[in-house]
Amino acid sequence: MLSTLLLVSSMVMAMNARAEDAPGPPQAGRTALVIHGGAGFVPRESLSDDDLREIHATLDQALDAGNAVLADGGAALDAVQAAIRVLEESPRFNAGKGAVFNAVGGHELDASLMEGHTRRAGAVAGVTTVRSPILLARAVMEHSPHVMMAGAGAEAFADTRPELERVDNSWFDTEHRRRALEKAQQTSAGIAGDDAPAYFGTVGAVALDRHGHIAAGTSTGGMTNKRFGRVGDAPVIGAGTWADAGCGVSGTGWGEYYIRNAVAHDICARVAYRGDRLDAAAEEVVNRIVTDAGGDGGAIALDRDGNIAMPFNTGSMFRGWIRPDGSRGTAIHEAE
């Protein structure tokens with residue numbers, strides 16, 4: 001009888017301890033936003049003063065767009081969309097206007113969006129004529145019973161949504177991306193994937209609104225010189241994008257490794273199920289799990305208390321943030 005009482009007592013104590021350690025409800029009214037414009041190796045000396053000014057200015061514009069939504073009491077989902085739209089329109093980033101070329105000289109774009117407290121999600125892969133893939137991903141989420149659409153089917157669905165602007169595939173052309181394609185084809189004998197990509201690109205955002213809700217989104221042109229309709233992690237829910245009630249992540253890196261390791265979900269799962277701090281969870285997944293598997297890249301993450309993590313292992317990651325206290329910044333390289 002005594003042993004039974006001791007067992008019950010220890011179980012109650014353990015449950016109380018877990019309850020004390022569990023995160024409390026989100027603090028209403030606190031907002032935060034974190035964005036990225038891609039991880040990769042971009043040497044400092046390769047960027048002129050004009051390059052740096054334009055990149056930081058565009059990151060600030062994206063922060064301003066997302067923060068304007070949050071400051072007005074808007075939803076995290078709308079803030080993520082607003083921030084990503086700015087980055088999609090910039091030729092500086094591998095998404096939308098700045099999308100890389102595939103092996104045949106065209107562009108195939110991917111995007112995904114997820115709302116944490118509802119687990120609603122939408123994604124598109126391999127689209128070629130939709131100016132804003134992130135808007136198409138949201139249309140999939142809100143106006144279809146599906147989560148992901150790809151290729152010709154996604155384009156056909158876009159035909160049903162008059163609010164989506166369509167462009168010729170050549171609209172996404174930029175000269176510096178064409179030069180990157182030529183270089184990739186020279187170094188890999190025209191076979192994409194023989195060498196690790198030198199630059200990943202991709203854009204993303206994660207937001208926390210004043211109601212304590214989190215959303216995350218990612219948009220990309222994929223990998224330079226990709227073939228055979230290759231799709232990376234950006235449109236894969238749980239790999240490149242994830243949001244739940246307590247955490248949101250947008251990844252940027254070598255997509256095959258992010259898919260194999262469910263990177264975005266793994267970070268948030270460590271927070272939700274093991275009680276890890278956000279920065280510890282993101283650091284472990286990006287800088288150990290991914291690298292041990294042979295990949296590299298980065299991620300941005302945000303929890304319901306407004307904590308932000310931005311780990312990367314590629315030498316640079318375009319990024320920007322606004323914390324709950326209003327402090328903000330943008331950065332490219334590690335020591336910034």
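A salt bridge is a side-chain nitrogen of Lys or Arg within 4 Å of a carboxyl oxygen of Asp or Glu. The model shown is predicted: local features need pLDDT of at least 70, side-chain atom pairs count only at pLDDT 80 or more, and totals for chains, interfaces and linings use all residues. Residues are numbered from 1 along each chain as its sequence is written, and side-chain values use heavy atoms, with hydrogens and water left out.

**View 1. The salt bridge of Arg328 and Asp60.** The N to O distance between these side chains is 3.0 Å. Arg328 belongs to strand β13 (residues 328–333) and Asp60 to helix α2 (residues 49–71), 268 residues apart; helices (H or I, at least four residues) and strands (E, at least two) are DSSP runs, numbered from the N terminus. Arg328 is partly exposed at 37% relative accessible area, and Asp60 is partly exposed at 28%. Here buried means under 20% relative accessible area, exposed over 50%, and partly exposed in between (1.4 Å probe, protein chains only).

**View 2. The salt bridge of Arg166 and Glu155.** Their side chains meet at 3.0 Å, N to O. Arg166 lies in the loop between α5 (151–159) and α6 (175–187) and Glu155 in helix α5, so the pair joins parts 11 residues apart in sequence. Arg166 is partly exposed at 32%, whereas Glu155 is buried at 11%.

**View 3. The disulfide of Cys247 and Cys268.** The two sulfur atoms are 2.2 Å apart, and a disulfide is a pair of cysteine sulfur atoms within 2.5 Å. The link is left-handed, with -75° about the S-S bond. Both cysteines are buried.
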